[in-house]
Amino acid sequence: MKKLAIQNLILDDFDVENKIQRIGLEILEDNTDESKITLFGISDNGKLIAEKLVSYINKISDIETVLIEVVIENGAPEYTGKLNILDESIIIVGDVSQTGKTLQIVISNLMMHKPSKIKTSVIINRDQTMYPVKIDYVGLSLSTSVNEHVDVMVDKKNRFSVYLS
């Protein structure tokens, strides 16, 4: 893993936690008529962000929240929980939207289960979308070149740092 310089720091843990709380509020505002929200955390970072969203939502709301981890294996999503999402509101949670491909794979698969609505959430949206994916809840939008890379790092204490290289 390459060493990242401190001047490339975009967001520290405090900033990321604030973004997660703001996104949690937006999710609640959009789901006031729902009794349950299912969050799908993509891979390790997306799952951790989704866990933090669930924790925050549970602190300030009585809406039931369910968390399911999504892992992409050979281009197909695999889920850790039961997909009982018929007519339910779901949120797909990731760390960075690069091209939108991963989100598109998950959205396409979940549509077969007929949820009432599908929304997406990321901490960083790079505005490089190559797939027809709309990011509904964004922590920070970055207009970056294709040569730049966004790294979302999580330390052993589950603290986030976001770097641009």
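Visitor: How many salt bridges does a search of the whole structure find?

Guide: The model is a predicted one. Side chains of opposite charge can pair when their charged atoms come close. Searching the whole structure for such pairs gives a total of six salt bridges.

Visitor: Which residue forms a salt bridge with glutamate 26?

Guide: Glutamate 26 is partly exposed, at a relative accessible area of 22%. The closest N and O atoms are 2.3 Å apart, and the partner is arginine 22.

Visitor: How far apart are the closest N and O atoms of lysine 47 and glutamate 51?

Guide: Both residues belong to helix 2 and are four residues apart, which means a separation of about one helical turn. Lysine 47 is partly exposed at 27% relative accessibility, and glutamate 51 is partly exposed at 33%. They form a salt bridge in which the closest N and O atoms are separated by 3.5 Å.

Visitor: In what order do the three strands form the open sheet?

Guide: Strand 1 (9–11) and strand 8 (150–154) are the edge strands, each pairing on one side only. Strand 8 is joined to strand 9 (residues 160–164) by five bridges, and these two run antiparallel. The order of the open sheet is therefore 1-9-8.

Visitor: Which strands does helix 2 touch?

Guide: Helix 2 (residues 43–60) packs on the sheet, and its direction makes about 130° with that of strand 9. The strands touched are strand 8 and strand 9.

Key: Residues numbered from 1 in each chain as written. Predicted model: local features only at pLDDT ≥ 70, side-chain atom pairs only at ≥ 80, totals over all residues. Heavy atoms only, no water. Contact = heavy atoms within 4.5 Å. Axes fitted to C-alpha atoms, helices over the stretch in contact; angles between N-to-C directions. Salt bridge = Lys/Arg side-chain N within 4 Å of Asp/Glu carboxyl O. Buried < 20%, exposed > 50% of the residue type's maximum accessible area, 1.4 Å probe, protein only.
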